[in-house]
Amino acid sequence: MAKRVFGILAVTLLTSALLSGQSTAAPAGIQPDPLLMFPSHFGTVDWAAVTRDRAAKTTTRSQVSAQNPLPYAEKEQAGTSGANDSPAAAEHIAGFGTPRGKNPKVRLTGDLKPDTSIPTLPPAAEPDDALGLANETGVGATRRAARARGVIGDGPYGSAGDGTGDVDFYRLSAAATPVTFAARTLTPEGALDTFLALFDAAGNTWGLNDNAGGSSDSTLSFTIPPGREYFLMVGSGPFSVPDDPQKPGTGRGVQTEGPYDLVITSGKSGGDLDYYSFDLRAGDVLGASVAGGGTRLAVYDPAGREVFGSSQDLTSIFAATSPMPGGGNAVVDFVAPKDGRYRLGVEAGEGAYDVKLEAFRPGTETAPRGSVHTIFLDFDGARVNTAIYGSGGGIRDLSPLSAFLPRWGLTAGDERALTDAIVATVKENLHRDLIAKGTNPRFALRVLNSRDHADPWGQPNVSRVVVGGTILESGIQTIGIAQSIDAGNFGKEETALVLLDEISSPAGPAWSLNTYLGPGSDKIAFLGRAIGNVTSHEAGHMSGSWHTNLTNDVVGIMDPGGDPAAMFGVGPDGRGGTPDDPDVDLVEDEISQSEGFSGIEDTLNRSAWAFVRGTG
């Protein structure tokens with residue numbers, strides 16, 4: 001089934017209401033991480049709030065050190081390349097793994113020979129403190145990578161000028177295809193404390209980074225859609241971001257100053273690459289974080305496919321109780337669907353690097369023997385502390401499913417049938433499919449609901465999805481939101497929300513379920529499947545999956561929110577609840593490049609191995 005475009009919600013790489021002209025201002029000022037929201041309105045995010053929250057959480061995670069890790073030093077001599085530069089030539093780490101007699105923790109050290117093929121840009125002339133004055137890099141248009149050398153403080157707005165704060169802008173672009181780039185600053189220790197920010201041509205902020213891996217340098221990864229321009233800013237702390245990026249001299253004062261090197265690459269490095277192999281068991285949960293000179297990690301499966309690539313650390317989105325490593329320049333997480341030899345590549349950067357490589361068994365497997373994880377679907381309304389989703393939250397009361405029935409033309413007598421349809425969809429997506437198609441022979445999951453079962457929330461191994469409430473009640477501008485993205489399901493007592501006000505609004509908007517109802521529609525069947533799919537999407541995050549590619553022809557539960565009709569299961573006739581409606585499932589699909597990742601993500605087996613009968 002090819003993906004379609006409906007109305008104002010045009011399918012782009014950036015699933016943003018900004019691009020569709022919708023207003024997305026959250027009424028209560030709560031700013032969750034956009035990667036946990038459905039849909040994800042990247043262009044209207046308070047990135048300063050997101051960055052502060054990410055930094056605090058990743059700093060905490062980076063301070064956790066594995067006990068007695070197995071040391072492994074790269075065999076390729078420092079300053080050379082060619083010995084382990086492909087997955088086929090990977091150095092094997094024999095002592096790593098989760099079986100008895102193996103060490104599940106490795107401290108891997110190595111070195112990437114500097115890539116002398118990266119051109120150094122000519123020195124930029126000041127002023128370059130606004131979008132219209134940005135330095136040309138050619139990255140994404142005419143070259144794969146570029147190096148720039150600059151100084152913060154040498155222009156008319158630094159300490160020797162008017163004191164508003166010097167910043168340097170660089171232009172990035174994409175031609176016919178999307179371009180994923182990674183930027184990294186390199187500064188002398190104890191001098192400039194760099195800060196990176198990314199803007200679109202209208203001056204909207206799309207990303208920020210400060211103090212990568214606990215250093216004073218910064219890294220930032222982003223995917224530019226075809227035919228678009230973005231602008232990378234080098235500054236010296238969050239307060240260096242100008243009030244108006246279109247106008248020079250609108251900063252908030254001088255902070256640190258000094259020279260920097262900026263390296264911008266797209267995709268893998270063209271120079272030295274280092275690969276390592278190891279054996280995993282089906283269900284092993286792999287985490288790796290690289291600090292120092294390495295800036296990109298990628299995991300490859302036994303068939304040689306890239307299954308997770310990253311140039312960023314987003315472990316702030318992990319469950320608070322997850323043991324996965326983080327706090328580096330780049331972090332990967334992966335759940336092995338089968339036994340085999342896997343590979344990790346350090347694919348960009350220069351100089352010495354330090355990798356935390358760790359493997360775990362799923363969190364539910366290590367629960368007390370016989371334990372079964374429960375997902376509780378709460379249709380009765382609930383009291384939720386929304387602080388779990390971001391700063392500014394608090395105790396909120398959310399209205400029940402029954403309050404929204406009239407908005408779909410239903411009566412109280414229809415509630416039972418609608419509840420049955422939602423529960424049936426969730427059970428098909430998260431239970432029957434995972435048993436039939438997954439590789440976990442010890443799969444165990446209990447799906448309960450508030451109509452038929454006593455409320456188990458608060459007990460061990462119980463997560464819940466609250467299906468009810470509004471944006472105004474919750475203070476969160478979204479349809480759905482999960483508490484975390486939790487590979488291995490270590491946060492076994494989490495809460496997700498599926499808010500019902502936008503999807504029950506009058507017909508017209510692409511997000512309203514009423515838009516797809518018409519003559520011949522089986523209303524209950526359609527509403528149950530659509531709400532059940534969104535509910536399954538949020539549970540899919542909590543059981544370990546990131547968003548998948550919205551722009552290809554593979555439609556899956558973990559697609560982000562740019563094509564609502566596809567998520568709702570609307571068929572080619574444009575009407576819901578008709579015979580041509582497809583079944584939307586957890587599938588194997590490309591991970592979302594627009595969120596800074598690459599590779600093929602097996603969302604079905606990530607969830608299948610999140611629910612294992614306890615053996616602890």
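Biologist: Which residue stands opposite L497 in strand 25?

Modeller: I481 stands opposite L497 there. Keep in mind that this is a predicted model.

Biologist: What makes strand 24 and strand 25 a pair?

Modeller: Two strands count as paired if there are at least two bridges between them. Strand 24, residues 480-481, and strand 25 have two bridges, in the antiparallel sense, so they meet the cut-off of at least two.

Biologist: How many bridges join strand 23 and strand 25?

Modeller: Strand 23, residues 462-467, pairs with strand 25 over four bridges, and the sense is parallel. In strand 25, A496 has V465 opposite.

Biologist: Which way do the residues of strand 25 point?

Modeller: T495 and L497 point one way, while A496 and V498 point the other way. All of them are buried.

Biologist: In what order do the strands of the five-stranded sheet lie?

Modeller: The order is 5-7-12-9-10, the sheet is open and its pairing is mixed.

Biologist: Why are strand 5 and strand 10 called edge strands?

Modeller: Strand 5 (135-136) and strand 10 each pair on one side only. Within this sheet, strand 9 and strand 12 are joined in the antiparallel sense by six bridges. L196 has V234 of strand 12 opposite.

Biologist: How many aromatic pairs does the structure hold?

Modeller: There are 16 aromatic pairs.

Biologist: Why is the pair of F169 and F199 called tilted?

Modeller: The ring centres are 5.8 Å apart and the planes stand at 50 degrees.

Biologist: Are F169 and F199 buried or exposed?

Modeller: Buried means under 20% relative accessible area. F169 has 0%, so it counts as buried. F199 has 1%, so F199 is buried as well.

Biologist: What makes the pair of W206 and Y230 edge-to-face?

Modeller: Their ring centres are 6.0 Å apart and their planes are at 85 degrees. An angle over 60 counts as edge-to-face, so that is the name for this pair. W206 lies in strand 10 (residues 205-210) and Y230 in strand 12 (residues 229-235), 24 residues apart. W206 is buried at 2% relative accessible area, and Y230 is buried at 0%.

Biologist: Which residues do ring pairs link into a cluster?

Modeller: The cluster holds W511, Y516, F526 and F568.

Biologist: Why is I435 called partly exposed?

Modeller: Its relative accessible area is 48%. Buried needs under 20% and exposed needs over 50%, so I435 falls in between and is partly exposed. I435 is in helix 3 (residues 415-437). Its C-alpha atom is 7.5 Å from that of A608, 173 residues apart along the chain.

Biologist: What is the mean pLDDT of the chain?

Modeller: The mean is 89, and 92% of the residues reach 70 or more. Over residues 1-28, however, pLDDT stays under 50. Where pLDDT is low, the predicted coordinates should not be read in detail.

Key: Residues are numbered from 1 along each chain as its sequence is written. This is a predicted model: local features need pLDDT of at least 70, side-chain atom pairs count only at pLDDT 80 or more; totals for chains, interfaces and linings use all residues. Side-chain values use heavy atoms; hydrogens and water are left out. pLDDT is the predictor's confidence in each residue, from 0 to 100. Contact means heavy atoms within 4.5 Å. Rings of Phe, Tyr and Trp (its six-membered ring) pair if their centres lie within 6.5 Å; planes under 30 degrees apart count as stacked, over 60 as edge-to-face and the rest as tilted. Buried means under 20% relative accessible area, exposed over 50%, partly exposed in between (1.4 Å probe, protein chains only).
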